4 protein chains.
Amino acid sequence: MKKIDVAIVGASGYTGLELLKILINHPVFNITYVANSTGGISVSELHPSLDSVLDMDIKKVDAKELASVAQLAFLALPHKTSMSFAKELLALDVKVVDLSADYRLKLETYEEYYCPHEDKENLKFAAYGLAEFYEDQIKNTKLVANPGCYPTATLLGLLPFVPYMKKDTNIFIDAKSGLSGAGKKLSDTTTFVNISENTFAYNPFKHRHAPEIKEKVLELTDIDAKINFVPSLLPVIRGMLVSIYITLDEVCDAKQILKEFYKDDEFVRVKDNPVNIKDTSGTHFCDLYVEQNGDAVFISSSIDNLLRGASSAAVVNANLMCGLEQSIGISKIAYVP
Amino acid sequence: MKKIDVAIVGASGYTGLELLKILINHPVFNITYVANSTGGISVSELHPSLDSVLDMDIKKVDAKELASVAQLAFLALPHKTSMSFAKELLALDVKVVDLSADYRLKLETYEEYYCPHEDKENLKFAAYGLAEFYEDQIKNTKLVANPGCYPTATLLGLLPFVPYMKKDTNIFIDAKSGLSGAGKKLSDTTTFVNISENTFAYNPFKHRHAPEIKEKVLELTDIDAKINFVPSLLPVIRGMLVSIYITLDEVCDAKQILKEFYKDDEFVRVKDNPVNIKDTSGTHFCDLYVEQNGDAVFISSSIDNLLRGASSAAVVNANLMCGLEQSIGISKIAYVP
Amino acid sequence: MKKIDVAIVGASGYTGLELLKILINHPVFNITYVANSTGGISVSELHPSLDSVLDMDIKKVDAKELASVAQLAFLALPHKTSMSFAKELLALDVKVVDLSADYRLKLETYEEYYCPHEDKENLKFAAYGLAEFYEDQIKNTKLVANPGCYPTATLLGLLPFVPYMKKDTNIFIDAKSGLSGAGKKLSDTTTFVNISENTFAYNPFKHRHAPEIKEKVLELTDIDAKINFVPSLLPVIRGMLVSIYITLDEVCDAKQILKEFYKDDEFVRVKDNPVNIKDTSGTHFCDLYVEQNGDAVFISSSIDNLLRGASSAAVVNANLMCGLEQSIGISKIAYVP
Amino acid sequence: MKKIDVAIVGASGYTGLELLKILINHPVFNITYVANSTGGISVSELHPSLDSVLDMDIKKVDAKELASVAQLAFLALPHKTSMSFAKELLALDVKVVDLSADYRLKLETYEEYYCPHEDKENLKFAAYGLAEFYEDQIKNTKLVANPGCYPTATLLGLLPFVPYMKKDTNIFIDAKSGLSGAGKKLSDTTTFVNISENTFAYNPFKHRHAPEIKEKVLELTDIDAKINFVPSLLPVIRGMLVSIYITLDEVCDAKQILKEFYKDDEFVRVKDNPVNIKDTSGTHFCDLYVEQNGDAVFISSSIDNLLRGASSAAVVNANLMCGLEQSIGISKIAYVP
């Protein structure tokens, strides 16, 4: 098959590393350009585990140079930085999968929770990269906004049940993330001494992923859900387990609803036992489990925060944008044990 | 001060070890008898960390022998085993702090979730050992039922808010426990390889601590709460963090309610930042935090599952039963870092 | 390329799982037979992470059935069990890669440290599966004895320096292994509570991998080395870091010797900074580092105990036995972060 | 007993926190002064676990103010900062236990490995605070240099065997430390993501604790030992396990030598099974184990790096300097499980 040349911008972080790891072995995509904000270093200096695996220089990012060697770019950049660069690339006719928050939200929502938007034009055409729900949009766009990790795990668990919820009841989302979700920036929170043998909530009811969840639920179901989102950090490197608690309007067979809903989705597994993060770690799977107690429902959703929550989702989206099967080059083999 | 001779029965498990650790340095209680089901071993053979610290033989448990040397006994035994032995000790006029489930519940509830009760007589007189709510009963009884770890963390966080809850709304309790809560019995679940870098719910909506929570809420507030309890295991040795989600009937200042409620309680700290398990690990403190979002409330409760959730609570109860200050011999110094 | 049908016997353990994970995506080998001692279960029931990935039944092991569908078998069985089964398979003209200890040692050594040997005939023809040193033998045999994990990491680090060692000085090997090396059998040692936040030596100077190291050093260098081997357990799931301490006879440039020695080996990386276990975890690489202090030399060797120390080594050996490049289907992409 | 007023300078770090934890419950020492480099914060703001336990302000350090309220000061400061401050305090007649490296070494050694010494006068009178070997000097000095954590664990294991060593053979010390030993300063090395599921050597043969070990061995045994020291980091919060490898001159019963050597030492336990770090964590114990293989000897030494390796050793030294029993206020109860 004819190779498609692709670029990775923002290769220093964890999601940049995961993109490299996936794309090195991708049968169609061919990495021609890797960049970060400074350049002047090689891939294996930045990521020693790739020594003797990928011998490339990291460039100081430049849109024109990128456009001259790649047809599609993955942007693993901080929000705000991302949109100004995406704008340049799109003008140069490069397809973009953006892993930041910059194209995920409607304009008003974005500006309320982040900052003034600098690429309102392209924002209108961006597809939200949750392939189970937006496959057609993704296939027909040049700009995909990759979803956040918390919204990915939450939406996949919650959406099948939104139509069955009791009106105006609270949805409670208790979401636990591994430390890689906090990124590479040094902080007291992420030292081994502080987080090992520890766990705690952070930004309860105030995390910026809550409006992303709320907006997509409204868009897809027309229901203005009462989202109450509490993230926590777990002493694990990767993995995300989200507990979703809802109240039903009428009795229904929740397990049956879930199985039916995802019966054709290759990367969602509905399980008969409570899900864990180890079985999805290293893969693009989302594992789901549901349990009922009268009108109370508990949904448990497990993903690899760096893959399904970021980099493998980005490659799935790129596959679809390029007319490939979504599963090309995407791992189903977990890191267990 | 005159010493009081005490016994520990069930010295092999984690709560037995914690009892030993507390009582070795207790200024009033004097350990005269330590037993397990087999005997024939010394304390330091069973718990090598106590080598050169406590030089005692472990006896094969015998009620009469115990009663001849101790005035009070801590029973760290499996349920069912515990009640038959407690009955004997009480008949011999030995005070009992029972760490099992045997005297925690009303007869009907107990028999529904556990097994037929074999000591109905004493069950009537047992005090529930949550000192913040049952101090008078504990001071005036010869039999205390030490609460479960999940109910301890949950009740301390939930009870202040029960009067403010919206009628018939679901209470969701997302409770995370360290592995020591699963006890010493070998199982696939508790191996390092399976739980490190992992987390998962178990027995969602079906754990036996849920009826204990429901019954105490009813007893203390006269409200038949809709308790929905989901426990999870965390890859930590000790510690418990419980998230409680409720819906309010009317707007109120949750933080103010919590601070007022516990202003006189020495071992409950109401914090201004989300609580973590490290700051309570090694202590009898329960740390609480609350956050609101309209009518939705999130309460986060942290305890050391082996201490506040078992052994230090047992010693607090013994202190009160013997006319001592509750804080005698109880640690406030956490294991941090 | 024409597919080669292969079998995995002993699919329940960690090395069996790793074999499955490698072979599912192997471009030439085709899994036709998976067995354990009982059968009657599917691959995804045994290893839930493989749900929706590999849909096969696990058979109760039977040599004739295996021989009718596979040309080569991987045996991930306990020692003793392995040799009786290998014997049967070889008689049926099936190639065997044996991951147990049964064909690693000379007869006398084996019988001293293990048990009476039951397949002395084939033992004579077994190749020792350390491809960097025995490639020709492996290519020309029907039976490969896969090396132990400790010997693999140790021999790769030690062998380049044996000719430079001072006569009759002690070699000290301080080897640390992740918990998966202890296998799936339940024991107090491997519970999370006991090993997390802990580390300790076990069987110091008495581990059965010491004679394996000694014998191969003698065979390859004709030097009867004074091997002193001390293994320890680390609170990590996978990974092995071996410190080797030797005394030199004459001054030499150890780094240079090491680089020269492995300059043509695809799966050994000589590093300029001390090696860690994370950069090899998930791969077949052995990372080596050396440092000198006068006549004292420290060599640090890192491997993934389940892959380079067992299952990827087995597939490398199978590749060579079947006339393929050693690197076919072998991962170079680490699990980092 | 009459209280003795003491000060802690450098309260922000892990050793400062451990000093606070010990001294809060010390029956004789009374904390009257706590300082760091900035002041303007309370103890519980700096260390939230001490909320409701110790209500004191942290002062900006000032020698005169300290001298007006305390008779003895613990200095948990960086080297160089420490000596200039100790000098002031000693001139004001305050006893000093210095936890830095500033008074541990002879002048020439110090200046070779650290920096020019600024308090040569007091350096002459400093006692080395390893109570098992320097008790008399400690009792009769006003300045104690608290040993490093690695030298403490190493010297306690090595010194009994120095007289039996073969002349001019290498001593190899493979030392593993928990992350708290790296201090609170943020670095890539100490993040959870980088060290969890990882381990590696650092500064092999080049750590500054090696000359400290060498110098004390020479001072106490008159033997110029060939010390080869390789430290590693373990993914644990606290604890240190040191493997010492030596070659004997003549056959001897190593276990017997060790037991005899420490038969009167309250805080050294010679064990019959390999030692682990969990049984010493939280205590001042050093646990030792020895194994022989011909002329090769393996000694395993376990301590809590923050207590026996720093803060409890400091309090033991202060006890001795003040004419108290060394064990006053010193914990023997480990944090297990």
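**Notebook: chain A, then the copies**

I began with contacts in chain A, two residues being in contact if their C-beta atoms, placed from the backbone, lie within 7 Å. Among those between residues at least 6 apart in sequence, 70% join residues at least 24 apart.

I noted that this is a predicted model, in which local features need pLDDT of at least 70, side-chain atom pairs count only at pLDDT 80 or more, and totals for chains, interfaces and linings use all residues. Residues are numbered from 1 along each chain as its sequence is written, while chains are lettered from A and ligands numbered from 1 in the order in which they are written.

I looked up the secondary structure of chain A and found 12 helices and 15 strands. These are DSSP runs, numbered from the N terminus: H or I of at least four residues for helices, E of at least two for strands.

I checked burial next: 60% of the 337 residues of chain A count as buried, meaning that 20 or more other C-beta atoms, placed from the backbone, lie within 10 Å of the residue's own.

For extent, I read about 60 × 45 × 40 Å along the principal axes of the C-alpha trace of chain A.

I turned to chain C and found 12 of its residues in contact with 12 residues of chain B. On the chain C side I listed seven nonpolar, four polar and one charged. Nonpolar covers Ala, Val, Leu, Ile, Met, Phe, Trp, Tyr, Cys and Pro; charged covers Asp, Glu, Lys and Arg; the others, Gly among them, are polar.

Conventions
Buried ≥ 20, exposed ≤ 12 C-beta atoms within 10 Å, placed from the backbone.
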